[in-house]
Amino acid sequence: NLMALRGDAMKHQRFFEPTKGGHQYATGLVEQISDLNKGVYLHDIMETPVKANFCIGVAGYPEKHIEAPSLASDLKRLKEKVDAGANYVVTQMFFDNKKYFDFVKAAREHGINVPIIPGIKPIAVAKHLQILPQVFKLDLPQDLIDAVSKCENTAAVRQVGIDWATQQTKELLEAKVPVIHFYSTGKSNNIKAVADKFF
């Protein structure tokens, strides 16, 4: 499996700038990997080309990509990635399952028929209330904000995050999602606490 991501702008850049010879968008990377699966390489590195066998994943954004002018235009770009050879989509994290379900419905209406894997992240510290919306441009449900705001320490915040992610996971599994991707961002104990309830 290869996850084909364009990447983010560097801190000194206002907008993403590809390196020389790189791709401006993830679609170009998907096309390049898809070519490898057909035995087409950037350089003539073998006398008899050998076909690769990569399964290609791409990112999807239930609340749209930060650079997209609208969700519809973002879905158009996602369709381009799928048409270029993507085999599945992993969503950006979200904290309201309705956003995922609405996204899947809209994606299907745009002709995107590959599996769409929901991305879940348990809130772990109070500052996530500011950091996650700022960095990922997503909305947090008011109930979650209120629950975290009432916590007296980090352990309590962590438990709220586990409980919220557990409820999200339960509802998603009941809806028969293909699989669930958990965002650990370097810390996995809270994810293990969620996953242990189901797997």
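Me: Why are helix 3 and helix 6 called roughly parallel to each other?
Reply: The axes of helix 3 (residues 97–109) and helix 6 (residues 154–174) cross at roughly 30°. Angles under 35 degrees count as roughly parallel, over 145 as roughly antiparallel, 65 to 115 as roughly perpendicular and the rest as oblique. Helix 3 and helix 6 are therefore roughly parallel. Their axes also come within 10 Å. This is a predicted model: local features need pLDDT of at least 70, side-chain atom pairs count only at pLDDT 80 or more, and totals for chains, interfaces and linings use all residues. Residues are numbered from 1 along each chain as its sequence is written, and side-chain values use heavy atoms, without hydrogens and water.

Me: Which residues of helix 3 and helix 6 meet?
Reply: From helix 3 come Asn 97, Tyr 100 and Phe 101. They meet Gln 168, Glu 171 and Leu 172 in helix 6. Contact means heavy atoms within 4.5 Å. The residues of this contact divide into 3 nonpolar, 2 polar and 1 charged.

Me: What makes His 128, Leu 129 and Leu 132 the buried residues of helix 4, and where do they lie around the axis?
Reply: Buried means under 20% relative accessible area, exposed over 50%, partly exposed in between (1.4 Å probe, protein chains only). In helix 4 (residues 128–136), His 128, Leu 129 and Leu 132 are buried. They cover an arc of only 100° around the axis, so they sit on the same side of helix 4. That arc is taken from the directions from the helix axis to the C-beta atoms. The buried residues pack against strand 3 (88–93) and helix 5. On the other side of helix 4, Gln 130 and Gln 134 are exposed. Lys 137 follows helix 4, with a positive phi near 55°.

Me: What makes strand 1 and strand 5 the edge strands?
Reply: The open sheet has 5 strands in the order 1-2-3-4-5, with parallel pairing. Strand 1 (2–3) and strand 5 (181–182) each pair on one side only.

Notes
Pairing = 2+ DSSP bridges. Helix = DSSP H or I, 4+ residues; strand = E, 2+ residues; numbered from the N terminus. Axes fitted to C-alpha atoms, helices over the stretch in contact; angles between N-to-C directions. Nonpolar A, V, L, I, M, F, W, Y, C, P; charged D, E, K, R; others polar.
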